[in-house]
Amino acid sequence: MAQTETLTLGEIETLAFHALTRAGANAEAATALARATAETEADGVASHGLAYIPIYCEHLRCGKVDGNARPVITQPKPGLVLADAATGFAHGAIAAGFAALIPAARDQGIAALAVRNSYNCGVLGIHTLTLARAGFLALGFTNAPASIAPSGGMRPVVGTNPISLAAPDGAGGAALLIDQSASTIAKSEIMKHAREGRPIPEGWGLDADGKPTTDPEVALKGSMAPSGGYKGVGLALLVETMAAAMAGASLGMDASPFSGTAGGPPRTGQFFIAIDAATSSGGAFAARITRLTDEIRAQEGARLPGDGRAAARARAARDGVAVSQATLEKIRAI
């Protein structure tokens, strides 16, 4: 059994911050990413948490991401905010964009943020949750380097391209959090199996000929299996339209990989929409979303998206997070 060490969320954030700054990130960029890393570990999504810090640091050192980039924020229309990440980390650009998006959405009732020249934004739901906590119904889109082939094709054209929705609960939290990719499983999970030398379940990945494989290395050289077949491809195309075309970011097929050192900055994008749901619903939103979620929770064995993360967050705040000793050794050696 793999050895672990239990850390508080504060310790996780501090560990990530120091590793990132040692690798070349400025304090502002490191703070935003370290905070998101702690939140991701709290949510129980270990594949996108501290395990990613060595990759971020590698990319700082090879120039795939600029640790000293300063995002440029503009607002060409009252309800539209633009953030140019300048090939820096996505987290700082998104945080700076939200500082303009939130007041714009309060004033207008609805506003959007487009982020270009960006990078891997980690767990998309972390960002939409921020907007829900501010009282908005939030939609988020992020594109990724191509890893899904089109229906009937074999060459990847679009990425796993997550989409997220976070609904406010009226009390500073989220009543509902949906965060899912267009692939059957996140690519990071296949990468994790490859690092550990473990086979993947059938249905996660395809080989170069479009046939199912249980070999993670073969899947990484082939393509990801879209969730629900052609419907997953459609979802990936929807996200590509929003996060790449709408944001003026690189298409997934033109972006460099989020793994490895080749290719320079990926210049991918994100797109967020914040909506004043209380106003749009005539004050009925909170009651409607509560009615919906209560009905699901009342069914024995039924699961509501986001409940698992909320439970993990509560445990992490109380008990800390068990982190792989191997991961910690890599980070402490940076």
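A: Happy to! Two strands count as paired if DSSP finds at least two bridges between them. Keep in mind that this is a predicted model. With that, look at the open sheet of 3 strands, whose order is 9-8-10 and whose pairing is antiparallel. Its edges are strand 9 (212–213) and strand 10 (223–224), each of which pairs on one side only. Strand 8 covers residues 205–206, and strand 8 and strand 9 pair in the antiparallel sense over 2 bridges. Zooming in on that pairing, you will find Gly-205 opposite Thr-213 of strand 9.

Now for the loops. Ser-47 sits in the loop that runs between helix 2 (27–42) and helix 3 (53–62). Ser-47 counts as buried because its relative accessibility is 10%, and the cut-off for buried is under 20%. The side chain of Ser-47 makes a polar contact of 3.0 Å with the side chain of His-48. Leaving out residues up to four places away in sequence, Ser-47 touches Tyr-52, Ser-188 and Glu-189.

The other loop position is Gly-88, found between strand 3 (80–84) and helix 4 (90–108). Gly-88 has a relative accessible area of 3%, so this glycine is buried as well. With residues up to four places away in sequence left out, Gly-88 touches Val-65, Asp-66 and Ala-69, along with Asn-117, Ser-118 and Tyr-119.

Key:
Residues are numbered from 1 along each chain as its sequence is written. This is a predicted model: local features need pLDDT of at least 70, side-chain atom pairs count only at pLDDT 80 or more; totals for chains, interfaces and linings use all residues. Side-chain values use heavy atoms; hydrogens and water are left out. Helices (H or I, at least four residues) and strands (E, at least two) are DSSP runs, numbered from the N terminus. Buried means under 20% relative accessible area, exposed over 50%, partly exposed in between (1.4 Å probe, protein chains only). Contact means heavy atoms within 4.5 Å. A polar contact is a pair of N or O atoms within 3.5 Å; within protein, one must be able to donate a hydrogen and the other to accept it, and residues adjacent in sequence count only if both atoms are side-chain atoms.
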